[in-house]
Every structure is written in C-alpha cells, then in structure tokens.
Amino acid sequence: MPDSNEIVVVGADGLLGKGLLNLCKKEGITCVGTTRRQASPGLIPLDLKKIVSLQVSPAGENASAILCAGITSLAACRERYAESYRINVTAVSAIANNLLEQGFRPVLLSSSLVFSGKEQLQRHNDLPSPLTAYGKQKLEAEENLIHLSDKSLVIRLSKVIHPQFPLFHGWLESWRLNAPVLAFHDAFFAPIAVDWVLESVLDLCRSRAKGIWQLSCHEEYSYADAAYALADMYGVSSSLVTPISARERLPKDERPKHPALDCSRFADWKGDRVPNGMSALRWFYNQNPL
Ligand SMILES: NC(=O)c1ccc[n+]([C@@H]2O[C@H](COP(=O)([O-])OP(=O)(O)OC[C@H]3O[C@@H](n4cnc5c(N)ncnc54)[C@H](OP(=O)(O)O)[C@@H]3O)[C@@H](O)[C@H]2O)c1
C-alpha cells in the first residue's frame, strides 16, 4: 500500500469506478478502490449492504473519495425502493462521512434525473425536481453530501456512452444479421463519451472544485435518432431502423423529454466548448467495427 492516497474510488468494478481507477494509475496518482466482489489485489472489500466504514492509507494533500457505488438501474430503484435507498442514500452518505473524517473530500457522481426533464437545459443551481425513485435517491445523497462539508463536490452526468454500451451492441448484432432494430422515437437521451467524463471528473477533483457541477452535451436525441445516425455511420440502410413508442415499455417519469443539462459552468471553467452529443456516437462508432 502507498504511504498516502490522493483518490479513493468507492465502487471500482463499475463502468466509471473502474475507468477512474485505471486513469489515476495511468497518470501516476496514488489511488485505491473498493469492491464488493471477491477481493482482488489492489482493491479493498466493501459491500455497502453490510459495512459503511473503511480504513485506507492516510489522505494525501488534496485527496478525494469518489463515490461511484450504487444501484444504478432505474427499475431496481423503483421496484426495490427501500433496499436501493439503503445503498444509494444511507450507505453512500455514511461512507462519505467516514472518508471525510480520514481527510478525503467526498465526490458524488449524480444524475440528470435529479430534474424532472420537463425543462430544457437545467442549470446546476436550478431547483431539482426528481420524479423517478433513482433521481429522488440521488438528490437526497447530493443534499447529504453538501451538508457534510463545504468542500464536497457533486458531479451530475447525462447518459455516458462507452465502447461496450449494451444497447448499441444489440443494434450492431441485429445489423450484422441484416435484421431491423427497434428504437424509441419518444424517449430521449443526451450522450457523452466515457473518456471525456473520466478526464473531467479527475480534473475537477484535482482542481479542488466544490459544489455542484454538470457534465452533459446540450443536444437531445431520441433513441431512434441515434439508431438512424449510427446506421448512417456504419453504412447500414435506414430501413433497418424501426421507430417504436416507449409508452408501453417505460414509465412516463423515466422518459424525460429534456435529459440534457446545462454544462456551461464546466465549459467556461475549462475554456472549452461543450462536447457535441453526436461526437459521443461517432466515438462509439470509431471504437466498434460492424
Ligand atoms: N453511467 C451513466 O450513464 C451514469 C449517468 C448518471 C449518473 N451515473 C452515476 O455514476 C455512478 C457510477 O455509475 P456507473 O455507470 O459506473 O454504474 P455501475 O457500472 O452500475 O457501477 C455501480 C457500482 O456500484 C457497485 N455496487 C452496487 N451495489 C453495491 C453495494 N451494495 N456495495 C458496494 N458496491 C455496490 C457495483 O458493484 P458490482 O459491479 O459488483 O455490481 C458497481 O461496481 C453511479 O452512482 C451512477 O448513479 C452514471
């Protein structure tokens, strides 16, 4: 174990937790992660169902605990509210406090679903209005963190696209068989590429940013728009996209009309442009041949 840690990643087996830990290692940042799976070298066992404290090497000078662990399925939070609340709110807040006492500033990865999605491009300081169980839990965890310390950092994300994004891989499988894909024309998302998210989260941690920040593109696409765009990139006929309605398949609250968040605070701070949503789809395309 190193003498001190700059980053603790709670939940280092998930998409973002694993990516953050790998990025820290690549950049030479002393770091450690937790896992609820069988302990493996370099990871500390932590199942938030059972334990909400952790002993790690002393915190470095500008140390952060990035809280990635949680029940992230909207359906699971809806169907098993009490159980998911215990993890997403009670346990996450407790482990944040525990790590704060050891000198790690808590950093929560939160979600655009702290808003109802009825308004366009909500700002970081707009009043949240979650409708989903997941969004309500995320908001409560945010509030707990902000009350814990004036150094706490909350980073809200829109939909993160990664090279293994299962929905898009399902589409690729169908297109390989020359079969059409079904894609919602009335459910929307605001895609951002995982690499940009990981680098941005680490940037914010290293710069001692605090309060609420948002990472999102400003465009909103229906899943059918995305399927048409990807079909075009892959040179697949648009006839292999069948738009369908999400009405019968997803609860209304889980289909925000406006999933994109205002990301100008971050873009201004970086002196950069807000990434274009289509670039996240193109990024997926570049990583995955048909
Ligand atoms: N990905 C996105 O598009 C997105 C968008 C907005 C916000 N976020 C937020 O970003 C954070 C990370 O998201 P993600 O996409 O990386 O999620 P993920 O892939 O689902 O990872 C969640 C992690 O939490 C762990 N976990 C679940 N229950 C646990 C428990 N009882 N004790 C300890 N660990 C537990 C999981 O462990 P196992 O791997 O063993 O199951 C997994 O490693 C989440 O808080 C999510 O709400 C993500």
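The legends below describe close-up views of a predicted model.

**View 1**
Seven strands make up an open sheet, arranged in the order E3-E2-E1-E4-E5-E6-E11 with parallel pairing. The edges are taken by strand E3 (43-45) and strand E11 (211-215). Each of these two has a single partner strand, so one side of each is left without a neighbour in the sheet. From one strand to the next, the twist averages 20°. Strands of a sheet pair through backbone hydrogen bonds, either parallel or antiparallel.

**View 2**
Three bridges pair strand E1 (residues 5-10) with strand E2 (residues 31-35) in the parallel sense. Val8 has Val32 of E2 as its bridge partner. Helix H4 (residues 133-148) packs on the sheet, where H4 touches E5 and strand E6 (153-157). The direction of H4 makes about 160° with that of E5. Helix H1 (residues 15-26) lies across E1, E2, strand E4 (59-67) and strand E5 (105-111). H1 runs at about 160° to E2.

E6 and E11 run parallel and are joined by five bridges. Is E11 enclosed or left open by the rest of the structure? Four of the five residues of E11 are buried, so the strand is largely enclosed by the rest of the structure. In the sheet itself, E11 stands at an edge with a single partner strand.

**View 1. The shell around the ligand.**
The ligand is surrounded by 23 residues, of which the closest are Gly14, Leu16, Leu48, Leu109 and Val160. Two or more residues of the shell come from each of H1, E5 and strand E7 (159-161). H1 gives the most, with three residues. By class, the shell has eleven nonpolar, six polar and six charged residues.

**View 2. Where domain 1 touches domain 2.**
The protein chain is divided into domain 1 (7-160 + 191-215) and domain 2 (164-190 + 220-260 + 276-287). Their C-alpha centres lie 27 Å apart. Contacts link 15 residues of domain 1 to 14 residues of domain 2. On the domain 1 side that touches domain 2, strand E10 (residues 191-193) gives the most, with three residues. The residues of this side divide into six nonpolar, six polar and three charged.

**View 3. Ala96 in helix H3.**
Ala96 is placed in helix H3 (residues 81-101). The residue has 25 C-beta neighbours inside 10 Å and therefore counts as buried. Leaving aside neighbours within four places in sequence, Ala96 is in contact with Ala65, Leu67, Pro106, Leu145 and Leu148. Ala96 and Leu148 are 52 residues apart along the chain, and their C-alpha atoms are separated by 8.4 Å.

**View 4. Ala76 in helix H2.**
Helix H2 (residues 74-79) holds Ala76. Ala76 has 16 C-beta neighbours inside 10 Å, so this residue counts as partly exposed. Not counting residues up to four places away in sequence, Ala76 touches Ile71 and Ser84.

Conventions: Residues numbered from 1 in each chain as written. Predicted model: local features only at pLDDT ≥ 70, side-chain atom pairs only at ≥ 80, totals over all residues. Pairing = 2+ DSSP bridges. Axes fitted to C-alpha atoms, helices over the stretch in contact; angles between N-to-C directions. Contact = placed C-beta atoms within 7 Å. Near = placed C-beta within 6 Å. Nonpolar A, V, L, I, M, F, W, Y, C, P; charged D, E, K, R; others polar. Domains from an automatic or database assignment. Buried ≥ 20, exposed ≤ 12 C-beta atoms within 10 Å, placed from the backbone.
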